[in-house]
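Visitor: Before we start, could you take me through this model and tell me what lies behind each term you use?

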There are 2 protein chains.
Amino acid sequence: MQLFCFSNNQIVPINEAGVPVTDLLVQRGYGIFDFLRVAKDKPLFIDAHLDRFFHSAEVMRLSIPQTREDIKNIVKELIQKNNLDYSGIRMIIAGGDAPDGYTIEHPHLIVIQAPLAEPSLHLPEIGIKLATYNYQRQISEVKSTDYLMAIWLQPWMKEQGADDILYHHDGLIRECPRSNFFFVTDQNLLVTSKNQMLKGITRKNIMEVCKSYGIPFEERDVFMEELKTAKEAFITSSTKRIIPVHQIDQTKYQADYTSSIARKIYDLLVGLE
Amino acid sequence: MQLFCFSNNQIVPINEAGVPVTDLLVQRGYGIFDFLRVAKDKPLFIDAHLDRFFHSAEVMRLSIPQTREDIKNIVKELIQKNNLDYSGIRMIIAGGDAPDGYTIEHPHLIVIQAPLAEPSLHLPEIGIKLATYNYQRQISEVKSTDYLMAIWLQPWMKEQGADDILYHHDGLIRECPRSNFFFVTDQNLLVTSKNQMLKGITRKNIMEVCKSYGIPFEERDVFMEELKTAKEAFITSSTKRIIPVHQIDQTKYQADYTSSIARKIYDLLVGLE
């Protein structure tokens, strides 16, 4: 299957697209991105993703040559051209060519679409195990292309028998490399971290449905110790909505998801799409 | 001038070379590199650079498809083909295509050559100003492509009236983004940091000439406070050999380089080439 992408200001077959070897993205790892799920031909929550994309770019001093409308039109054109059933769209701003190898002068947009599994209509019954790791993402409010630590830690994670990593720093929970983290306290309060992490679009949607449906929640600093008394835990992302967590390091969590808060919220998220 | 590079297993014009948009280097910032100076047709200290390149790759779990001899031959071929007077060679290992977007499966080599100014035969008389910044490079023994913080800090650095940044963490001096840092104590002892920074090839050469010529030096943890009583300071890199530092934040250093240790060492470094 020949997929098309947007690169070098045009729609081209993905195998003909390349980032120049002199680009700041290649030589200095300087770039941002955002990733959204496409259901049939509908790019989900694209406005929220574009809000974050433009915010990331602003913080990183990468001016985006296109307007929001331009990008929406490129996404629309790719979706039509690639005609995938279920997919993900990745929008990247590369630092661009820098004559001195260091100064941002020509940032540019890349948009890629690739097939993606459709998430289940109901919360997955099988949870995952997280291994905690002391790490603070740099410039953490930005969705940068820096996944050095996440990828480097994959073999370590597998040694722990874990499926994903939960970053913490200074005794506080931050995030997973590609997901946000939520847990339910022994007082049945849903809690998620507030500072020094990337704020996901699914996380935002969850907080909105919690408000709308009167589900009590707190967005605040979360201490590592709180994990020990949690009743339930889960991670959230645009790709999967919610995945239950059945174990973090040595601590195990409820396996009966039929009565879980995650299940209730999952159904509400499906309703938003 | 049409320059050639090595990419996708062949020597190609640099403007025809591109890193696939699906590469881990592009999507996840996962890659390493090394950079060496070429004097006419002589790649300087290439064995030391290859030692570090292969070490970076090993720590990052990037297997290099080529042998050391292969890479030396590619460098030699590029030097002949590009026929530059004075230049720099950048060797990159990109994470490569990952079907799951996350797992290292096909790392690959890129080699780029570009013109470079020939450093002076004598220590530059004009020093630079450094601004200190609290930051610890991740996986610091590795020359990764992660320069997110360095590039992001450029406007801040200019606001400080500085020419480069000096990273410190936990009260200890680490390194500059592209250079190592040395200073001379009030006891005339040359000192450089030992831990949690990238160990430069020029730094290694300096320690060797110090041993050979009986110049007293120490490689150890260096405290920020020590900067206040330093008699002399300088940074070192493969590109420039040594650049004197005349100011760090508010502290100024000797401007008379005729009697400096930096000057003596600079002459010895020129002799090594």
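Guide: What follows is a conversation about a predicted model, taken term by term.

Visitor: What confidence does the predictor give chain A and the model as a whole?

Guide: Chain A averages a pLDDT of 96, and 99% of the residues score at least 70, while the model has an ipTM of 0.96 and a pTM of 0.97.

Visitor: What pairs with β3(A), and in which sense, parallel or antiparallel?

Guide: β3(A) pairs with strand β3 (residues 18–20) of chain B in the antiparallel sense, over 3 bridges, and two bridges between strands are already enough for the term. Within this pairing, A:Gly18 stands opposite B:Pro20 in β3(B).

Visitor: How do you know through which surface the copies meet?

Guide: Of the interface residues of chain A, 100% are also interface residues in chain B, so the copies meet through the same surface. The contact involves 34 residues of chain A and 34 residues of chain B. Among the elements of chain A that each supply at least two residues to this side are β3 (18–20), β7 (108–115) and α5 (154–159), and the residues of the side divide into 22 nonpolar, 9 polar and 3 charged.

Visitor: Why are α6(B) and α7(B) called roughly perpendicular?

Guide: The axes of helix α6 (residues 201–212) and helix α7 (residues 261–272) of chain B come within 10 Å and cross at roughly 105 degrees. The term covers angles of 65 to 115 degrees, and α6(B) and α7(B) are therefore roughly perpendicular to each other. B:Asn205, B:Ile206 and B:Val209 in α6(B) meet B:Ile265, B:Leu268, B:Leu269 and B:Leu272 in α7(B); by class, this contact has 6 nonpolar, 1 polar and no charged residues.

Visitor: Which strands does β9(A) pair with, and what do β9(A) and β10(A) form?

Guide: Strand β9 (residues 164–169) of chain A pairs with strand β8 (residues 128–134) of chain A in the parallel sense over 5 bridges, whereas 3 bridges join β9(A) to strand β10 (residues 172–175) in an antiparallel run. A:His168 stands opposite A:Asn134 and also opposite A:Ile173 in β10(A). β9(A) and β10(A) form a hairpin with 2 residues between them, and A:Asp170 in the turn has a positive phi of about 55 degrees.

Conventions:
Residues numbered from 1 in each chain as written. Chains lettered and ligands numbered in written order. Predicted model: local features only at pLDDT ≥ 70, side-chain atom pairs only at ≥ 80, totals over all residues. Axes fitted to C-alpha atoms, helices over the stretch in contact; angles between N-to-C directions. Helix = DSSP H or I, 4+ residues; strand = E, 2+ residues; numbered from the N terminus. Parallel < 35°, antiparallel > 145°, perpendicular 65-115°, else oblique. Contact = placed C-beta atoms within 7 Å. Nonpolar A, V, L, I, M, F, W, Y, C, P; charged D, E, K, R; others polar. pLDDT = per-residue confidence, 0-100.
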